[in-house]
Amino acid sequence: MKLRRVVVTGLGAVSPIGNDIPTLWENAKAGVSGAGPITHFDASLFKTHFACEIKNFDATAYLDKKEVRKVGLHSHYGIAAAVEAMNDCAVDLEKVNLDRFGVIFGEGVGGLTSFEEEFGTFVLNKDNGPRFTPFLITKMITDMTAGMLSIRYGLKGPNYVTTSACASSSNAIIDAFDQIRLGRADIMLAGGAEAAVCYVGVGGFNSMHALSTRNDDAQGASRPFSKSRDGFVIGEGGACLVLEEYEHAVARGAKIYAEIAGTGLSADAYHMTAPLPNGEGAAKVMQYAIEEAGLKPEDIDYINTHGTSTYAGDIAEVSAIKTVFGEHAYKLNISSTKSMTGHLLGGAGALEAVLTVLSVKNDIVPPTINHADGDEDEKIDYNLNFTFNKAQERVVNAAISNTFGFGGHNTSIAFKKI
């Protein structure tokens with residue numbers, strides 16, 4: 001069976017550094033931090049008082065008021081990103097086979113905010129009997145973004161959600177890629193969304209000592225690959241890519257950003273929350289993606305790392321990069337865009353895939369911000385080019401986006417110019 005080629009023909013995002021693709025990309029190039037004091041709830045009782053929140057977002061610009069009430073905040077973000085991606089790809093729905101147009105979205109915790117709000121109301125009023133909104137379940141379950149998008153556009157192809165913690169939306173992209181290259185679909189919406197900046201989200205990660213507590217310097221708190229890193233910064237938002245079979249895209253005159261060349265999947269089989277210290281699982285997925293793409297390690301120009309700003313994660317990923325790329329590791333660019341956007345959990349892979357595609361398209365590597373001279377960890381090789389603090393222009397013919405999740409889930413996606 002001859003596998004079909006898959007290209008990216010549309011992009012959309014709602015992120016802590018921009019609620020559309022042009023703003024996101026300009027701020028990413030400029031090294032803008034999306035972190036600030038938490039406004040969604042009173043965080044004063046928690047160890048962490050800040051997050052990378054979405055700013056100035058109006059869900060009614062994408063959904064009518066009745067629909068806004070029926071789905072959770074995570075779906076608001078995901079649907080908004082998908083609407084932008086659909087507009088960007090300029091597909092005429094009357095001229096494509098909707099039976100072969102699907103949606104796969106990745107979400108880690110889904111409607112955590114909605115569940116928290118409704119259960120809090122129940123606890124306060126339980127003496128008067130249980131009263132829940134009839135939309136609690138639709139606001140809470142993780143699959144509703146994909147379902148709502150299929151209803152909105154009449155898309156009758158493959159439709160489901162992927163959940164693999166922080167790798168969720170990368171798994172969604174990989175699954176959508178497979179649906180097209182195996183001939184089951186012609187076009188797919190693939191992405192992810194998350195809205196976990198709430199009492200439970202922040203409190204849960206605080207209790208694990210996973211979040212930065214740099215409350216006096218929120219914008220400088222996410223500092224991947226720096227010695228002074230003290231945990232990740234939680235973020236929220238959504239991102240979406242339109243994936244399309246190459247000939248199908250060419251036939252309709254679609255704009256093409258890049259090609260998905262290869263993907264990799266593995267499991268650490270090691271620990272619930274920690275990566276293998278030697279980065280073995282991360283190394284395998286990069287190797288798999290490169291091999292599937294028919295490329296060589298020296299063909300990769302940029303890696304958008306998982307780079308969460310945690311001690312174990314950063315060290316393991318750097319080790320994996322050196323294992324896979326050898327001497328070429330010193331010639332490619334490495335950066336973590338989470339230093340600017342924070343960690344979108346289940347939505348991280350989609351947002352970082354969008355930024356990686358834009359890097360390939362525009363030959364610009366966005367920076368890893370918040371690194372200062374003298375802030376070097378003895379376990380990290382600083383002869384590698386981490387693209388600290390300032391974007392770099394270079395030809396990016398091929399790039400990799402890495403995403404890893406609690407439970408030991410590892411994903412890697414290779415994009416290349418077309």
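Visitor: Is Ala90 buried or exposed?

Guide: This is a predicted model, in which local features need pLDDT of at least 70, side-chain atom pairs count only at pLDDT 80 or more, and totals for chains, interfaces and linings use all residues. Residues are numbered from 1 along each chain as its sequence is written, and side-chain values use heavy atoms, with hydrogens and water left out. Buried means under 20% relative accessible area, exposed over 50%, and partly exposed in between (1.4 Å probe, protein chains only). With a relative accessibility of 59%, Ala90 counts as exposed.

Visitor: Where is Ala90 found?

Guide: Helices (H or I, at least four residues) and strands (E, at least two) are DSSP runs, numbered from the N terminus. Ala90 is found in the loop between helix H3 (73–89) and strand E4 (101–106).

Visitor: What is the phi of Asn56?

Guide: Most residues other than glycine have a negative phi. Asn56, in the loop between strand E3 (50–51) and helix H2 (65–70), is exposed at 80% relative accessible area. Its phi is positive, although Asn56 is not glycine, and lies near 55°.

Visitor: How many disulfides are there?

Guide: A disulfide is a pair of cysteine sulfur atoms within 2.5 Å. The sulfur of Cys198 is too far for a bond, because the closest cysteine sulfur, in Cys166, is 14 Å away. Cys240 is likewise in no disulfide, with the nearest cysteine sulfur, that of Cys89, at 9.0 Å. By this rule, the count of disulfides is zero.

Visitor: What is the relative accessibility of Cys240?

Guide: Cys198 counts as buried at 2% relative accessibility. Cys240 also counts as buried, and its relative accessibility is 0%.
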